[in-house]
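Hi,

Here is the structure I promised to pass on.

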Amino acid sequence: MKYNNSQNSSTIANHYANQKCQKRFIKFTDLSIRHLKPSSKRVDYWCQGLSGFGIRVSPKGTKTWFFLFRYRGMQKRMSLGRYPKTPLSEAINKYGDAKKAVDHGLDPLFQKHTGEKEERDELILNELVEYYLEHNKKTGKKSWKQEERNLRKYLLPDLKNKKISQVAPKDLSKIFHNIIVVREAPVAAKRLYSYIRRLFNFAADMGLMRRRDNPCLDIKLKFPNNKRERHLSPKEIYLFWNTLEDILMSPIIRLALRFLILTVARSGEVREMKWSDVDLKGRMWILPKTKNGRMHRVYLGDLAIQILKEAREYTLGNGLVFGSTRHFKTCGKRLEDLEVLSSWALSQPIRRHFEMFNITEKFYPHDLRRTGATMIAGLFGRRDFAALALNHTNQDVTDVYDQYGYDREKKLMLNALNKAVEVIINSPNVESVPSFDELREKIIQSVQSPNLHLRQGVDSQLDFQASFSSPVSYKLSYAHDGSRNGV
């Protein structure tokens, strides 16, 4: 359908606004722009014959000129002013200058924000980070959010406008020195170092710089690789569990901390746990995708079920199981909109009130996962049982072919873990907590067939569907008298 200048421009605008096509191309004239009407949603109109040049009409009637272009593979939008303060002729002139810069390999947004002209076709660090994060997000890299948080927090504040070839080792050394010496967080510095090194390696892979110019090549962060082995003894489990009642904290956080040790799950998995993934009747928690990219099914023992029933009183079985309820009463948020607990929400109460536990050696929420895994391995004398509970994969070709879920085995081991914790926490006092040898003998007799002798093979009464390889003898570091760590 064709229109000439004599036709009503309002009719023209309404015709294009009602079209269902993705882009609305019209001939830009002062009359046609003036008669563009707002709709319920913002609408972009594109100029016929001028690539990337358009005007956006908001629901309130605000009209903004823009230029949409690509620079180094990234799509960008540049505002050219508002109509009618910026008339059509001026907007076209601005568009022409910006289009010329793009054609010469330059970024017009850089010139607009800094007032400078690029001497040569080169990215600044802020652009490289945006390019890198967008690439990782689109390719499904798991750690892109964590990398984004660290790069924006530590790297960009002082160096964002620096050209990537001008970022020197001394610039990064200042950042690492502040994290290591001032913040006393060497692990955080080591993690940031790996992120920055990947960032510049990515720039080299994309042909944006020479690989030998990576500033991380001349920096060596040497720290002792301390392998954390902290886990709680039976008496420490008793003190941890029962002391939580005396500490002022959100009931949801208290329940989440106890749930960690009973399921051997990661704290992040517990914090993001959804009621839609829980089958209370089948006593199963299904994690659609875990750290290793595979689905994981966690059997819920008696204590774990009891905790979920208590948590349901706060979240009514909607949304997150252990979602933050701090704003619920004041903001009136719906239960399905509850916020995910922050990464420090579980560790902060333990750190602040550690003295109340009467435990000598400090522990953190992740140590509860290690404690549960150690209990399982010790109860059965089988390290592969612990690996199943932890959802660890074997780095061999068999892992590709073996797709069995091991639900019966998980039920056996997590039932044993829940029963062991129940015996510990129900002891009359800390002195009466059984030693681990006594605990093992009592629990194994209650959860296993007397014909199962912890050997490789198939037990008919338990109806195992798969056997395990290389059963191992596992010696726990629990003292028989429970005297470890001064408790």
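Helix H15 (residues 365-380) packs against helix H16 (residues 383-390) at an angle of about 145°, and their axes are 7 Å apart. Axes here are lines fitted to C-alpha atoms, for helices over the stretch in contact, and angles run from 0 to 180 degrees between N-to-C directions. On the H15 side the contact (heavy atoms within 4.5 Å) is made by Arg369, Ala373, Ile376, Ala377 and Phe380, and on the H16 side by Phe385, Ala386, Ala389 and Leu390.

Before you go on, note that this is a predicted model: local features need pLDDT of at least 70 and side-chain atom pairs count only at pLDDT 80 or more, while totals for chains, interfaces and linings use all residues. Residues are numbered from 1 along each chain as its sequence is written, and side-chain values use heavy atoms, leaving out hydrogens and water.

As for the overall picture, the chain has 19 helices and 8 strands (DSSP runs numbered from the N terminus: helices are H or I with at least four residues, strands are E with at least two). Of its 487 residues, 47% are buried (under 20% relative accessible area; exposed is over 50% and partly exposed lies in between, with a 1.4 Å probe and protein chains only).

Now the cores. A nonpolar core is a set of buried Ala, Val, Leu, Ile, Met, Phe, Trp, Tyr and Cys residues joined through side-chain atoms within 4.5 Å. The largest has 74 residues, and Leu257, Phe259, Trp285 and Phe322 touch the most other members. Apart from it lies another core of 57 residues, including Leu80, Tyr95, Phe176 and Ala203. Leaving aside residues up to four places away in sequence, Leu257 touches Phe240, Leu244, Met249, Leu346, Ile350, Pro365 and Leu368.

Next, the rings. Those of Phe, Tyr and Trp (its six-membered ring) pair if their centres lie within 6.5 Å; planes under 30 degrees apart are stacked, over 60 edge-to-face and the rest tilted. That rule gives 18 aromatic pairs. Phe67 and Tyr95 are edge-to-face, because their planes are at 90°, with ring centres 5.2 Å apart. This pair links distant parts of the chain, with Phe67 in strand E4 (residues 63-71) and Tyr95 in helix H3 (residues 88-103), 28 residues apart. Phe67 is buried at 2% relative accessibility, and Tyr95 is buried at 7%. Both belong to a cluster linked by ring pairs, which also takes in Phe28, Phe53, Trp65, Phe69 and Tyr83.

A few backbone details are worth a look too. Most residues other than glycine have a negative phi, and most peptide bonds are trans. Tyr83 and Pro84, however, are joined by a cis peptide bond with omega about 10°, and Pro84 sits in the loop between strand E5 (74-83) and H3. Arg283, which is not a glycine, has a positive phi of about 55°; it lies in the loop between strand E6 (278-279) and E7 and is partly exposed at 22%. Asn358 also has a positive phi, near 60°. You will find Asn358 in the loop between helix H14 (347-352) and H15, where it is exposed at 57% relative accessibility.

Happy browsing!
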